[in-house]
Amino acid sequence: MHELSIVKNIFDTLIENYGDRIVEITKIEITAGLLSNVQPILIKNSFAAFIEENSEYKNIELEVKVNEIEAFCEKCNKTFIVKYHKFVCDNCSTPSSIIVKGTELYISQVFFIE
Ligand SMILES: [Zn+2]
């Protein structure tokens, strides 16, 4: 299952970075580009299943932020937002396959007990 391995990866990264402090985490936010193949609802379900099995993490909340896709137009020398998977510049209508944003997947914020 794709999403579950992502969730495991997230926890591996948290343990690597924060060690024992992981139990003080209350919330994490991950940012996923629209092209990263991550479905927020599926990742939330996998996350819920994971913390159910690993109850030491049960206080951690997950938020998924979705980034739009941005491509670059060489003709206009600027980026544009890709809507409905139309990789066409909104200024000059030239097609572009240069993706500058949208494939990313990373932990963007970690919140700790205050
Ligand atoms: Zn253009």
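**Arg-21 and the charged pairs**

Modeller: Arg-21 has a relative accessible area of 40%, so it counts as partly exposed. Keep in mind that this is a predicted model.

Biologist: Which residue forms a salt bridge with Arg-21?
Modeller: Glu-24 does, and the closest N and O atoms of the two are 3.5 Å apart. Glu-24 is partly exposed, at 32% relative accessibility.

Biologist: What lets side chains pair like that?
Modeller: Side chains can pair if they carry opposite charge and their charged atoms come close.

Biologist: How many salt bridges does a search of the whole structure find?
Modeller: The search finds four salt bridges. One of them joins the side chains of Lys-27 and Glu-63, at 2.8 Å from N to O.

Biologist: Where do Lys-27 and Glu-63 lie?
Modeller: Lys-27 is in strand 1 and Glu-63 is in strand 2, which covers residues 61-67. The pair therefore ties together parts that are 36 residues apart in sequence.

Biologist: Give me another pair.
Modeller: Asp-90 and Lys-78 form a salt bridge through their side chains, with 3.1 Å from N to O. Lys-78 is in strand 4, while Asp-90 is in the loop between strand 4 and strand 5 (99-101), so the pair ties together parts that are 12 residues apart in sequence.

Biologist: Which residues is Ile-30 in contact with?
Modeller: Leaving aside neighbours within four places in sequence, the contacts of Ile-30 include Ile-10, Ile-43, Leu-62, Val-64, Leu-105 and Tyr-106. Glu-63, the partner of Lys-27 in that salt bridge, is also in contact with Ile-30.

Biologist: How far apart are Ile-30 and Tyr-106?
Modeller: In sequence they are 76 residues apart. In space, their C-alpha atoms are 5.6 Å apart.

Biologist: Now the helices. At what angle do helix 1 and helix 2 cross?
Modeller: Roughly 60 degrees. Helix 1 covers residues 2-18, helix 2 covers residues 40-53, and their axes come within 9 Å.

Biologist: Why oblique, and not perpendicular?
Modeller: Roughly perpendicular starts at 65 degrees. The crossing is at roughly 60 degrees, so helix 1 and helix 2 count as oblique to each other. The crossing of helix 1 past helix 2 is right-handed.

Biologist: Which residues meet there?
Modeller: From helix 1, the residues are Glu-3, Leu-4, Ile-6, Val-7, Lys-8 and Phe-11. From helix 2, they are Leu-42, Ile-43, Ser-46, Phe-47, Phe-50 and Ile-51. By class, the contact of helix 1 with helix 2 has nine nonpolar residues, one polar and two charged.

Biologist: What about Asn-45 in helix 2, how exposed is that?
Modeller: Asn-45 is partly exposed, with a relative accessible area of 47%. Its C-alpha is 12 Å from that of Val-64, which is 19 residues away along the chain.

Biologist: And Ser-55, how far in space from Glu-74?
Modeller: Ser-55 and Glu-74 are 19 residues apart in sequence, and their C-alpha atoms are 50 Å apart. Ser-55 is in the loop between helix 2 and strand 2 and counts as partly exposed at 44% relative accessibility.

Biologist: Last topic, the loops. What is the phi of Asn-37?
Modeller: The phi of Asn-37 is positive, about 65 degrees, although Asn-37 is not a glycine. Asn-37 lies in the loop between strand 1 and helix 2 and is exposed, with a relative accessible area of 60%.

Biologist: And Asn-77, what phi does that have?
Modeller: Asn-77 also has a positive phi, about 55 degrees, and is not a glycine. Asn-77 is in the loop between strand 3 (69-73) and strand 4 (78-82), and is exposed at a relative accessible area of 59%.

Technical notes: Residues are numbered from 1 along each chain as its sequence is written. This is a predicted model: local features need pLDDT of at least 70, side-chain atom pairs count only at pLDDT 80 or more; totals for chains, interfaces and linings use all residues. Side-chain values use heavy atoms; hydrogens and water are left out. Contact means heavy atoms within 4.5 Å. Axes are lines fitted to C-alpha atoms, for helices over the stretch in contact, and angles run from 0 to 180 degrees between N-to-C directions. Helices (H or I, at least four residues) and strands (E, at least two) are DSSP runs, numbered from the N terminus. Angles under 35 degrees count as roughly parallel, over 145 as roughly antiparallel, 65 to 115 as roughly perpendicular and the rest as oblique. A crossing is left-handed if the near helix is turned anticlockwise from the far one by less than a right angle, and right-handed if clockwise. Ala, Val, Leu, Ile, Met, Phe, Trp, Tyr, Cys and Pro count as nonpolar, Asp, Glu, Lys and Arg as charged, and the others, Gly among them, as polar. Buried means under 20% relative accessible area, exposed over 50%, partly exposed in between (1.4 Å probe, protein chains only).
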